[in-house]
Amino acid sequence: MTNENREIELDRMRFTKNTLSSGLALLAILFNVFFFVSIYKSDVSSYYYNILIGASILYNLIFMLAAFLASEGIKNYKVAYSWLLILLGIIQIARIFIYPMTAHAATVTIKDQVITVMETPQFVRCVVYLCASAVCCLVSAVIGFKKSSDLSGHLAAMAKKAA
């Protein structure tokens with residue numbers, strides 16, 4: 001890419017939105033919803049009926065609201081929302097060790113039959129959903145950092161030329 005084309009691309013960023021980062025943040029929400037549905041449609045005895053499920057539901061709502069807010073902020077090249085997306089991505093990875101791991105290792109007895117709370121296919125699906133959500137958050141943040149710094153550098157250069 002020539003220097004002139006790069007200048008045009010940077011100048012265009014002043015008038016366009018960061019739709020790639022925003023779309024990835026929204027995709028992270030979608031993967032979280034898939035995880036949410038996969039966990040909460042399970043009805044294995046009373047394993048999921050405890051305070052942890054309440055905290056999980058509350059966190060899912062907070063995650064979706066925060067990720068949506070971040071998608072709107074990062075769309076306008078605001079770098080602070082990249083930090084929020086990094087935090088959300090890290091928490092999504094940590095969540096793998098809360099419900100999927102513990103439920104996969106747990107068993108319950110129903111009518112004298114011992115069954116695993118979360119079978120391996122559902123466990124793999126939940127881990128994939130959480131990892132995909134985390135990757136979308138982290139990639140969105142990295143792209144947001146890059147584009148925000150490029151735009152702020154371009155704006156600073158324009159201000160310097162105008163002065």
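Predicted model: local features only at pLDDT ≥ 70, side-chain atom pairs only at ≥ 80, totals over all residues.
1. Let me start with confidence. The protein has a mean pLDDT of 91, and 99% of its residues reach 70 or more. Among its elements, helix H4 (residues 80-95) has the highest mean pLDDT, 97, while the lowest, 83, belongs to strand E1 (residues 107-110).

2. Next, have a look at Asn-18, which sits in the loop between helix H1 (3-12) and helix H2 (19-40). Its relative accessible area is 0%, so Asn-18 counts as buried, the cut-off being under 20%. Setting aside neighbours within four places in sequence, Asn-18 is in contact with Ile-74, Lys-75, Tyr-77, Ile-143, Gly-144 and Lys-147.

3. One of those contacts, Tyr-77, deserves a point of its own. Tyr-77 belongs to the loop between helix H3 (51-75) and H4. Its phi is positive, about 60°, although Tyr-77 is not a glycine. Most residues other than glycine have a negative phi, so this backbone angle is worth a glance. With a relative accessibility of 13%, Tyr-77 is buried.

4. Lys-111 also has a positive phi without being a glycine, with a value near 50°. You will find Lys-111 in the loop between E1 and strand E2 (113-116). Is Lys-111 buried or exposed? Its relative accessible area is 80%, so Lys-111 is exposed, given that the cut-off is over 50%.

How values were computed: Residues numbered from 1 in each chain as written. Heavy atoms only, no water. Helix = DSSP H or I, 4+ residues; strand = E, 2+ residues; numbered from the N terminus. Buried < 20%, exposed > 50% of the residue type's maximum accessible area, 1.4 Å probe, protein only. Contact = heavy atoms within 4.5 Å. pLDDT = per-residue confidence, 0-100.
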